[in-house]
Amino acid sequence: MSVHFKNIQQVQPPKGTRDFLPDAMILRRNIIEKIRQSFELYGFSEIDSPVFEYFELLARKCGQEIEKEIYTFNDKADRKLGLRFEFTSPLGRYYASNSSKLTKPFKRYIIGKVYRYENTQNGRYREFYQADADIIGVYSMFAELELMDLAVFTLEKLGLNNYKIHLNNRKILDGIIEVSGIPADKKETALRILDKLSKIGENKTVKEFVENGLTEENYKSFINLVHGNSFAEEIDGGSPDIDKLKNNPNIIFLESLKEKLKNNARSLEGIGELIDIFKNSNKFGIDKYLMFDPLLVRGLGYYTGPIFEIKSLDVNIGSFAAGGRYDNLLELYGARAEGACGLSFGVDRIIDIINAKNPNWSNELTSPTKVFIAYLEPDEKIIDYAFNVAKKLRSKGITSEINLNEKLNISKQLKYANSRNISYAVVLGSNELFENKIKLKDMKKAEEFFVTIDEAAEILK
RNA sequence: GUGGAUGUAACUCAGUUGGUAGAGUCCCGGAUUGUGACUCCGGUUGUCGCAGGUUCAAGCCCUGUCAUCCACCCCA
């Protein structure tokens with residue numbers, strides 16, 4: 001029985017998923033290749049793992065909100081499975097399962113599709129690519145620095161430089177929550193509300209605090225720690241150390257926070273880690289991108305230390321890369337405890353940003369096909385010759401496409417080559433066949449060369 | 001999951017108080033029988049997202065549904 005798909009909606013891809021046309025695919029592959037090359041330049045090894053895992057494994061420690069977004073299904077033996085929504089949980093399982101065969105530190109990367117069942121919006125898809133680099137086996141902040149350096153390097157390769165890396169530390173957040181008198185079980189709620197502060201303003205934030213069983217005092221003590229005497233006020237107040245301040249306001253900010261949280265060991269540890277990162281960041285040349293953001297939260301439940309998000313300054317699309325430290329995750333899957341830290345690029349968002357910044361990129365494209373072979377008459381000998389030319393060019397590594405529709409006249413064939421943005425055409429007729437040469441045409445300059453195949457191959461290289 | 005906006009040709013969009021659809025670009029043919037882009041001439045664009053309902057009559061009004069976008073929520 002055949003099913004007829006009559007309605008347009010039935011031939012549309014499912015909600016939140018997309019088809020990619022050949023031109024769009026050229027850009028996608030180009031970007032993914034650049035990311036891959038960067039990962040490999042930094043010594044990360046590619047691995048692969050299943051698109052689906054046991055649901056329990058994915059749901060463990062990921063956080064309630066994310067859990068709702070996992071695509072789940074039962075297989076025919078009634079196992080409950082889920083599609084991966086990111087690469088960190090699968091990495092935990094992968095490492096626990098294979099650690100005896102892996103050398104440490106284990107630096108791996110993976111690029112692939114992940115799935116989230118959530119409402120769609122610009123830059124938010126249900127199926128999207130992530131490119132993920134992680135380091136297992138390093139407790140020091142060199143892991144964070146290496147990953148952020150890798151991020152900056154990669155983004156530079158992609159032509160992106162107008163962004164900020166927002167940096168915070170779960171340990172600082174935990175300490176501030178504690179010192180503010182916010183009960184441990186209200187921590188997630190409080191952080192969620194505070195995350196919106198810049199959007200909804202102070203009054204609404206307090207209102208939401210009260211509505212959720214917190215107090216105005218909780219808010220005030222939290223905000224005093226985070227904003228009260230921020231480095232901005234210290235500038236107004238005429239800090240004696242103004243030069244140092246200019247050099248790295250982030251460190252000044254953290255030092256002032258250190259003073260206020262001096263009785264909270266957990267916070268001090270976190271502050272120390274971030275100061276360590278900021279102090280070293282100039283050696284990596286990434287300091288200008290870094291910004292301490294005490295309100296950065298991140299939803300995933302497994303982070304334990306520094307966390308970061310990278311946000312574009314010229315396209316409003318949320319963060320397009322993020323990461324952090326998750327030292328407890330491996331133990332959770334039965335492996336020995338290890339320091340672990342990861343970085344994840346949202347490939348589709350990066351593509352959206354590049355498209356937004358240069359909507360005309362597809363007009364500037366040249367096809368991966370280097371040469372199009374056209375023939376003047378559908379004569380058997382000429383066509384045989386054309387196929388022979390194609391074979392020889394391909395054997396020399398030159399990407400070649402040959403006209404397959406003998407009904408097209410030369411004009412149509414060249415028009416086709418032009419619309420595909422193919423840089424060169426080969427025009428073959430009886431003269432070429434007789435001389436055993438080819439006419440090579442540069443489509444952009446409209447120049448023609450009557451040459452042998454070997455000579456043409458040299459020009460095309 | 002909640003609230004709002006939108007959906008008309010391949011694309012970008014018009015379409016009046018209800019009277020069965022247009023523009024530009026693209027595409028196709030020709031000017032051009034060994035040459036694409038530029039120019040000129042001619043031509044096709046269509047289940048008006050889908051399914052019902054009201055009406056003599058629906059692109060327009062009503063209901064449902066699907067998709068996209070925006071704001072929540074959350075995130076890459």
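A residue is called buried here if 20 or more other C-beta atoms lie within 10 Å of its own, exposed if 12 or fewer, and partly exposed in between, with C-beta atoms placed from the backbone. By that count, Thr88, Ser89, Pro90, Leu91, Gly92, Arg93, Tyr94 and Tyr95 of helix 5 are buried. This is a predicted model, where local features need pLDDT of at least 70 and side-chain atom pairs count only at pLDDT 80 or more, while totals for chains, interfaces and linings use all residues. Residues are numbered from 1 along each chain as its sequence is written, and chains are lettered from A, ligands numbered from 1, in the order in which they are written.

**Overall build**

- Chain A has 20 helices and 16 strands; helices (H or I, at least four residues) and strands (E, at least two) are DSSP runs, numbered from the N terminus.
- Chain A is more spread out than a compact globule, because its radius of gyration is 28 Å, well over the 23 Å that the globule rule gives for 461 residues. That radius is taken over C-alpha atoms, and the rule is 2.2 Å times the number of residues to the power 0.38.
- Along the principal axes, the C-alpha atoms of chain A fill a box of roughly 90 × 65 × 50 Å.
- Of the 461 residues in chain A, 34% are buried.
- Among contacts in chain A with a separation of 6 or more, 68% link residues 24 or more positions apart; a contact means C-beta atoms, placed from the backbone, within 7 Å.
- The chain splits into domain 1 (8-162 + 314-357) and domain 2 (367-460), with bounds from an automatic or database domain assignment. The C-alpha centres of domain 1 and domain 2 are 43 Å apart.

**Around RNA strand B**

- There are 55 residues around RNA strand B, and Asn122, Gly299, Gly346, Asn431 and Ala446 come nearest. Near means that the C-beta atom, placed from the backbone, lies within 6 Å.
- Helix 18 (residues 410-419) gives the largest share of that surface, six residues.
- By class, the surface near RNA strand B has 15 nonpolar, 22 polar and 18 charged residues. Here Ala, Val, Leu, Ile, Met, Phe, Trp, Tyr, Cys and Pro count as nonpolar, Asp, Glu, Lys and Arg as charged, and the others, Gly among them, as polar.

- Eight strands make an open sheet in the order 1-5-6-11-10-9-7-8, with mixed pairing. Its edges are strand 1 (45-46) and strand 8 (290-292), each pairing on one side only. Two strands pair if DSSP finds at least two bridges between them.
- Strand 7 (residues 163-169) is parallel to strand 8 over three bridges, with Leu167 bridged to Phe292.
- Strand 7 also runs antiparallel to strand 9 (residues 306-312), joined by seven bridges, and Lys164 has Lys311 as its bridge partner there. Six of the seven residues of strand 7 are buried.
- Strand 15 (residues 438-442) and strand 16 (residues 447-451) run antiparallel and are joined by five bridges, Ile438 with Val451 being one of the pairs. The two form a hairpin with four residues between them, and Ala446 in the turn has a positive phi of about 60°.

**Covered helices**

- Helix 5 (residues 88-98) is largely enclosed by the rest of the structure, because eight of its eleven residues are buried. Its cover includes strand 2 (52-54), helix 3 (55-59), strand 5 (106-115), strand 6 (127-136), helix 15 (329-332) and strand 11 (340-346).
- In helix 16 (residues 347-357), Val347, Asp348, Arg349, Ile350, Ile351 and Ile353 are buried. Helix 2 (22-41), strand 6, strand 9, strand 10 (319-325) and strand 11 are included in what covers them.

**Backbone spots and single residues**

- The Lys104 to Pro105 peptide bond is cis, with omega near -5°; Pro105 lies in the loop between helix 5 and strand 5.
- Asp78 has a positive phi of about 65° although it is not a glycine. This residue lies in the loop between strand 3 (72-74) and strand 4, and counts as exposed with 6 C-beta neighbours inside 10 Å.
- Asn421, also not a glycine, has a positive phi of about 60°. Its place is the loop between helix 18 and strand 14 (424-428), where 18 C-beta neighbours inside 10 Å make it partly exposed.
- Gly82 is in strand 4 (residues 80-83) and counts as buried, with 22 C-beta neighbours inside 10 Å.

Conventions:
Contact = placed C-beta atoms within 7 Å.
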